[in-house]
Amino acid sequence: MGAQAPPPGTIFCPYSWLNLGFTYSGGGVMRASVRRLVAWTIAFVAALFAGCPADIGASAWAQAPSDNLWTRPTLSGDWGGLRSTLERNGVTFTFNYTNDFLANVRGGIGRGAIGLGAFQPALDLDLGKLAGWDGGHFHTHALITHGPFFSPTYLGNFLTVSNLEAGPVARLYSFWYEQNAFNDRLSVRAGLMSADSQFLQSKTAANFINNGISWPMFLAANLPGGGPAYPLPAPGIRVRIKPRDDVAFQAAVFSGDPSGGNGSNQILPLPTGTVFSFRGGAFVIAELSYLPNQGKDAAGLPGAYRIGAWYHTSPRFGDQRFDNNGLSLADPMSTGIPLEHTGDTGIYGVVDQMLYRVPGTDDRGLSGFVRAGGVPNDRNLINFYADAGLLYKGLITRRPDDKVGVAAGYARVGDNARGLDADIGSFGNFFYPVRSGEVMVEMIYQAQIAPWWMLQPEVQYIFRPGAGVLNSDGSFRQNAWVIALRSALNF
């Protein structure tokens with residue numbers, strides 16, 4: 001988008017016209033990139049507190065006409081009335097582009113900076129409006145990503161810094177039909193879809209970009225292909241029953257290996273195109289939710305409390321310590337082929353609660369979340385994961401839609417994987433470290449520049465990247481500082 005003049009009646013702010021396309025990497029270039037990011041962030045925050053975007057986002061926006069660039073819900077507007085006409089008739093197009101600039105400034109494998117992004121065009125059909133088919137809804141969208149991998153290259157950690165990291169990918173990301181009945185008390189969805197958009201959900205957690213928070217590590221690190229979650233969906237069917245407004249139960253079954261593999265939990269390269277996989281067994285997940293005070297006129301503060309469990313049927317879950325003859329995989333006499341286990345299972349819980357609401361508002365105030373889940377030690381690299389965080393919306397009165405927050409995640413390496421580390425030491429590599437766990441802390445400021453544009457500068461600190469391991473040169477992998485800037489646009 002080229003530079004444009006600010007709308008009439010607003011105060012001009014040069015910081016609002018920054019070029020946010022990043023393609024940086026390397027040592028000296030990385031330092032220059034970091035300097036640019038720091039300068040942009042300082043300029044951006046200075047503009048916020050100086051009142052420049054605040055004036056745009058408050059009185060000027062309120063007085064602007066409905067087609068004003070800064071008040072329209074999407075950057076491209078109403079397409080001369082075509083968009084709203086289509087939506088009234090049940091056809092909705094969305095075009096979202098999110099990009100991240102990420103820089104590791106200290107620790108990990110080495111310093112470096114990259115830019116990456118994801119474009120997701122989508123189509124939704126309300127079949128009730130479109131064809132008189134009450135309760136019918138069709139959804140499809142594509143995923144097109146660019147940019148290299150950041151965390152494996154510069155950090156070597158478990159809790160991937162960005163939930164956009166996927167490498168260069170172009171695929172059909174979802175293609176499903178949903179039928180609702182009995183005043184939405186029953187919902188059935190079937191097709192190509194993901195589990196992370198439907199299970200283990202927390203509205204508060206969704207504001208943070210670390211992928212460990214987006215799709216918890218006791219699933220992402222252990223399931224074949226990472227499980228049916230970004231960036232790989234899987235064919236499946238989900239049934240949701242809501243007997244009361246504050247109680248919901250849902251269960252789903254997905255194809256077991258979204259990568260198209262045979263259901264092994266060994267790490268393999270992921271495909272870059274569309275995969276309709278029915279191989280690798282089946283992944284079954286069920287969740288019960290208690291949802292108090294969700295209505296607009298509810299007297300209490302809204303919350304969501306969830307408990308869930310899952311089971312995977314694959315017979316190819318490799319042991320983290322022993323081979324198929326019962327020897328340690330570190331033993332020189334080992335076959336190097338892990339002992340295979342049939343099935344894997346886990347349990348989890350989620351608490352997402354508003355803690356304080358500013359009087360006279362619907363959603364301004366303080367919210368918090370806590371999630372935790374565990375799996376067996378023998379066949380899983382990460383046997384326990386937990387995260388928690390706090391988020392305040394509208395801390396600055398003139399910026400009612402901005403958010404500030406902090407979150408932390410912890411991934412524990414399972415006992416069998418730790419045992420293998422100890423075995424490596426006992427078989428001659430005496431200085432080989434025994435892994436423990438990795439901790440990530442993320443601090444964000446999310447600024448809603450316009451209804452269609454969000455900017456989020458943040459920092460992440462990773463304790464023990466890789467849970468306490470050595471780099472390729474034999475040095476101990478140090479704690480890492482990462483700075484990031486996310487830009488999200490809705491066209």
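Which residue in β6 stands opposite G191? The close-ups below come from a predicted model, and the opening view takes up that question.

**View A. Strand β6 and its partner β5.** The residue facing G191 is G236, in β6. Strand β5 covers residues 186–193, and its pairing with β6 is antiparallel, with eight bridges.

**View B. From β6 into β7.** Here we look at β6 together with β7, an antiparallel pair held by seven bridges. For a landmark, pick R238: its bridge partner is A252 in β7.

View C. Six side chains feature here: I237, V239, I241, V253, V284 and Y311 make a nonpolar surface patch of about 430 Å². Strand β6 (residues 234–244) supplies the largest share, three residues. V253 belongs to β7, which spans residues 247–255. Patch residues need over 30% relative accessible area, and V253 is partly exposed at 34%, so it clears that cut-off.

View D. The model has 16 aromatic pairs by the ring-centre rule. One of them is W452 with W453, a stacked pair with 6.0 Å centre to centre and 10 degrees between the planes. Both of these tryptophans, W452 and W453, are buried.

**View E. An arginine over a ring.** What sits over the ring of W176? That would be the charged end of R189, 3.7 Å from the ring centre.

Methods: Residues are numbered from 1 along each chain as its sequence is written. This is a predicted model: local features need pLDDT of at least 70, side-chain atom pairs count only at pLDDT 80 or more; totals for chains, interfaces and linings use all residues. Side-chain values use heavy atoms; hydrogens and water are left out. Patches are made of residues with over 30% relative accessible area and no salt bridge: like charges are joined within 9 Å, nonpolar side chains (Val, Leu, Ile, Met, Phe, Trp, Tyr) within 5 Å. Accessible areas come from the Shrake-Rupley method with a 1.4 Å probe; for residues, only the protein chains shown count as cover. A salt bridge is a side-chain nitrogen of Lys or Arg within 4 Å of a carboxyl oxygen of Asp or Glu. Helices (H or I, at least four residues) and strands (E, at least two) are DSSP runs, numbered from the N terminus. Buried means under 20% relative accessible area, exposed over 50%, partly exposed in between (1.4 Å probe, protein chains only). Rings of Phe, Tyr and Trp (its six-membered ring) pair if their centres lie within 6.5 Å; planes under 30 degrees apart count as stacked, over 60 as edge-to-face and the rest as tilted. A charge sits over a ring if NZ of Lys or CZ of Arg is within 6 Å of the ring centre and within 35 degrees of the ring normal. Two strands pair if DSSP finds at least two bridges between them.
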